[in-house]
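Colleague: I'm new to this one, could you walk me through a few of its residues?
Modeller: Gladly, let me bring it up first.

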Amino acid sequence: MRPGRYCCRTPRCPDHARTIAETGGAIGIWHFFPSLEKYVDGLKEMIDVVGIDHVCIGTDQQVNPGVMQDYARWVQLVAAMLRGGLSPEETGKIAGGNYMRIFRAAVG
């Protein structure tokens with residue numbers, strides 16, 4: 001991973017990302033990519049670093065411009081993940097399953 005590849009607030013170094021994953025946490029990847037396909041490439045790059053169980057969608061889409069202007073494009077993002085080679089199970093984890101795992105662990 002090249003330094004500075006991701007926007008601020010996303011781990012810039014693989015070691016930082018791995019530390020988050022080692023605690024059981026997940027990294028929400030923001031949507032600052034020129035297309036859904038490039039966004040999926042960014043998700044897959046982080047999966048290569050920390051594993052599928054620690055990558056999520058950065059859900060605060062409406063903060064700044066990006067490929068996900070609002071939640072209406074969620075269906076298109078899921079379709080792009082499937083077209084991009086992620087399995088239905090992997091797509092489910094990224095689209096909300098990983099957050100739910102963390103939420104359950106936090107609240108019981």
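**A buried asparagine and the aromatic pairs**

Modeller: Let me start with Asn98, which is buried at 2% relative accessibility, where buried means under 20% relative accessible area, exposed over 50% and partly exposed in between, with a 1.4 Å probe and protein chains only. This is a predicted model, in which local features need pLDDT of at least 70, side-chain atom pairs count only at pLDDT 80 or more, and totals for chains, interfaces and linings use all residues. Residues are numbered from 1 along each chain as its sequence is written, and side-chain values use heavy atoms, with hydrogens and water left out.

Colleague: Which residues is Asn98 in contact with?

Modeller: Leaving aside neighbours within four places in sequence, Asn98 is in contact (heavy atoms within 4.5 Å) with Ile52, Asp53, His54, Val55, Cys56 and Lys93.

Colleague: New topic: how many aromatic pairs does a search of the whole structure find?

Modeller: The search finds two, counting rings of Phe, Tyr and Trp (its six-membered ring) whose centres lie within 6.5 Å, with planes under 30 degrees apart called stacked, over 60 edge-to-face and the rest tilted. Trp30 and Phe32 form a tilted pair, 5.2 Å centre to centre with 50° between the planes, while Phe33 and Tyr39 form a stacked pair, at 5.4 Å and 20°.

Colleague: What about the relative accessibility of Phe33?

Modeller: Phe33 is at 16% and counts as buried, and Tyr39 is buried too, with a relative accessible area of 0%.
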